[in-house]
Amino acid sequence: MLQHVYEVDSFATEISATPEPRPFFEDPESNITVQLGAQVHMHCRVQNLQKNLKVSWVRRRGEDFHLLTIGLDTYASDSRFSLEFEGPNDWRLQLKSATERDAGLYECQVSVHPPLIRTVHLSVSEGSISNSSSSRGSNYSV
């Protein structure tokens, strides 16, 4: 009988781990190409985010994950990364002065079960990105 109670409690805990209505991203996954030295804003707009959930940004390199932010706190050792929250729902990762080493996959994650993940693929180019004569030091936003 005690085992039956445990199973019911376990089931209830699993259901409560995924709040309703479930959060979702406003924007699809994206690719962005920026010029060397540019400032980049990677947007993560989340609808239906309950107060007990957290939004995180992670840098992915192969099998390695590097935590950049959780909520409003920045954990990146590189001071060029920061989080700018723009209400009501935009958890924007900012990267100042992009270098070729910054190219790769960035993930915006919401702490639900199973986790929600939005991927941004960043490319950094030394060449011209647009028809403008000089876009070095420009701002890019996705």
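Good morning. I begin with strand 2 and strand 11, the latter covering residues 116–125: the two run parallel and are joined by 6 bridges. Within this pairing, Val-34 stands opposite Val-124 of strand 11. Please keep in mind throughout that this is a predicted model.

These two strands belong to an open sheet of 6 strands, ordered 2-11-10-5-6-7, with mixed pairing. At its edges lie strand 2, residues 30–35, and strand 7, residues 73–74, each of which pairs on one side only.

I turn next to the disulfide. The count for this model is 1 disulfide. Cys-44 and Cys-108 form it, with their sulfur atoms 1.8 Å apart. The torsion about the S-S bond of Cys-44 and Cys-108 is about -75 degrees, and the disulfide is therefore left-handed. The two cysteines come from distant parts of the chain, 64 residues apart: Cys-44 sits in the loop between strand 3 (39–42) and strand 4 (46–47), whereas Cys-108 lies in strand 10. Are these cysteines buried or exposed? Cys-44 is buried, at a relative accessible area of 0%, and Cys-108 also counts as buried, at 0%.

Phe-81 and Tyr-106 form a tilted pair, 6.2 Å centre to centre, with 40 degrees between the planes. This pair, too, links distant parts of the chain: Phe-81 belongs to strand 8 (residues 81–86) and Tyr-106 to strand 10 (residues 104–110), 25 residues apart. Phe-81 is buried, with a relative accessible area of 8%, and Tyr-106 is buried, with 0%.

The rings of Phe-85 and Trp-91 form a pair as well; their centres are 4.5 Å apart and their planes lie at 55 degrees, so this pair is tilted. Here Phe-85 is partly exposed, at 38% relative accessible area, while Trp-91 is buried, at 12%.

Finally, a word on confidence. The mean pLDDT of the protein is 83, and 76% of the residues reach 70 or more. Thank you.

Terms used:
Residues numbered from 1 in each chain as written. Predicted model: local features only at pLDDT ≥ 70, side-chain atom pairs only at ≥ 80, totals over all residues. Heavy atoms only, no water. Pairing = 2+ DSSP bridges. Helix = DSSP H or I, 4+ residues; strand = E, 2+ residues; numbered from the N terminus. pLDDT = per-residue confidence, 0-100. Phe/Tyr/Trp six-rings, centres within 6.5 Å; stacked < 30°, edge-to-face > 60°. Buried < 20%, exposed > 50% of the residue type's maximum accessible area, 1.4 Å probe, protein only. Disulfide = S-S within 2.5 Å.
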